[in-house]
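This briefing covers the fold, the strand pairing, the core and the aromatic contacts of one protein. The sequence and the structure come first, and the notes follow by topic.

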Amino acid sequence: MDVQPIDPPAQPALPPPTPAAAPPKPRNRRTRLILAMVGGILALLCLGGVGVFISFYDESTKIERNAPDAVVDNFIAAYLVNRNDEESKLYTCKDPELSQLAGLREEMLNRERKFGVTVTVTWESLRIGAGQDAKNVGVDLTIAGSTNGQPLSRRTETWDFHVVDEDGWRVCGADKTS
């Protein structure tokens, strides 16, 4: 038997090869280096700016409790001027006795509601009494009523604020002395 070789199957004709695309031009290394340096410097400046901002913000919102008169000053502003109990708690001890001062604030609020006036409290100098761990800070509060910017009445009361050094000075009581 004679074996005849089998012809391989015919392959379809392939299209002629296309020329390969030219490789992209490599970017200039110097340009990439400059861009990377500029980007890094900008990132550092932004991070440094954020750090400086946080530092200034922290310093400006810091609660000052290092001096008895500063604490009383801030407490009066929070309690009688801003009438903000949450803010005033930042300057008080754990269990303060402020019933007389609360009575003054309630009287101010009642006058405003009843007569349609604005009642304001101002003070000038604070007097620190002697003591090591506890001190008294005396202050003259001027309580004034006005309507439409016109003064109506004014009175001055002397108050003693009792402050204690508990991880910074804090108001623990207030008594009207005159």
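Two strands pair if DSSP finds at least two bridges between them. Helices (H or I, at least four residues) and strands (E, at least two) are DSSP runs, numbered from the N terminus. The structure is a predicted model, in which local features need pLDDT of at least 70 and side-chain atom pairs count only at pLDDT 80 or more, while totals for chains, interfaces and linings use all residues. Residues are numbered from 1 along each chain as its sequence is written, and side-chain values use heavy atoms, with hydrogens and water left out.

**Overall make-up**

- The protein has 4 helices and 5 strands, and their order along the sequence is α-α-α-β-α-β-β-β-β.
- Of the 178 residues in the protein, 24% are buried (under 20% relative accessible area, with exposed meaning over 50% and partly exposed in between; 1.4 Å probe, protein chains only).
- Among contacts (heavy atoms within 4.5 Å) with a separation of 6 or more, 49% are between residues 24 or more positions apart.

**Strand pairing and hairpins**

- Strand β3 (residues 134–147) is antiparallel to strand β4 (residues 150–165), and 14 bridges join the two.
- T142 has T156 in β4 as its bridge partner.
- The hairpin of β3 and β4 has 2 residues between the strands, and N148 in its turn has a positive phi of about 50 degrees.
- Strand β5 (residues 169–176) runs antiparallel to β4 and is joined to β4 by 7 bridges.
- H162 has G173 in β5 as its bridge partner.
- The hairpin of β4 and β5 has 3 residues between the strands.
- Beyond its neighbours within four places in sequence, S146 contacts V117, T118, P151 and L152.

**Positive phi outside glycine**

- D167, in the loop between β4 and β5, is not a glycine but has a positive phi of about 55 degrees.
- D167 counts as exposed because its relative accessibility is 73%.
- R83, in the loop between α2 and α3 (85–89), likewise has a positive phi of about 55 degrees without being a glycine.
- R83 counts as partly exposed because its relative accessibility is 25%.

**Nonpolar core**

- A nonpolar core is a set of buried Ala, Val, Leu, Ile, Met, Phe, Trp, Tyr and Cys residues joined through side-chain atoms within 4.5 Å.
- The largest such core has 25 residues, of which L80, L101, L141 and F161 touch the most other members.
- At least two residues of this core come from each of α2 (68–81), α4 (99–115), β2 (118–128), β3, β4 and β5.
- With 6 residues, α2 gives the most to this core.
- Apart from its neighbours within four places in sequence, F161 has a contact list that includes V72, F75, I76 and L101, as well as V137, V139, V171 and G173.

**Aromatic rings and a charge over a ring**

- Rings of Phe, Tyr and Trp (its six-membered ring) pair if their centres lie within 6.5 Å; planes under 30 degrees apart count as stacked, over 60 as edge-to-face and the rest as tilted.
- The count by this rule is 2 aromatic pairs.
- F75 and Y79 form a stacked pair, at 5.4 Å centre to centre and with 10 degrees between the planes.
- Because they are 4 residues apart in helix α2, F75 and Y79 are separated by about one helical turn.
- F75 and F161 form an edge-to-face pair, at 6.2 Å centre to centre and with 70 degrees between the planes.
- This pair links distant parts of the chain, since F75 is in helix α2 and F161 is in strand β4, 86 residues apart.
- F75 and Y79 are both buried, and F161 is buried as well.
- Ring pairs join F75, Y79 and F161 into a cluster.
- R105 places its charged end over the ring of Y79, 4.2 Å from the ring centre (NZ of Lys or CZ of Arg within 6 Å of the ring centre and within 35 degrees of the ring normal).
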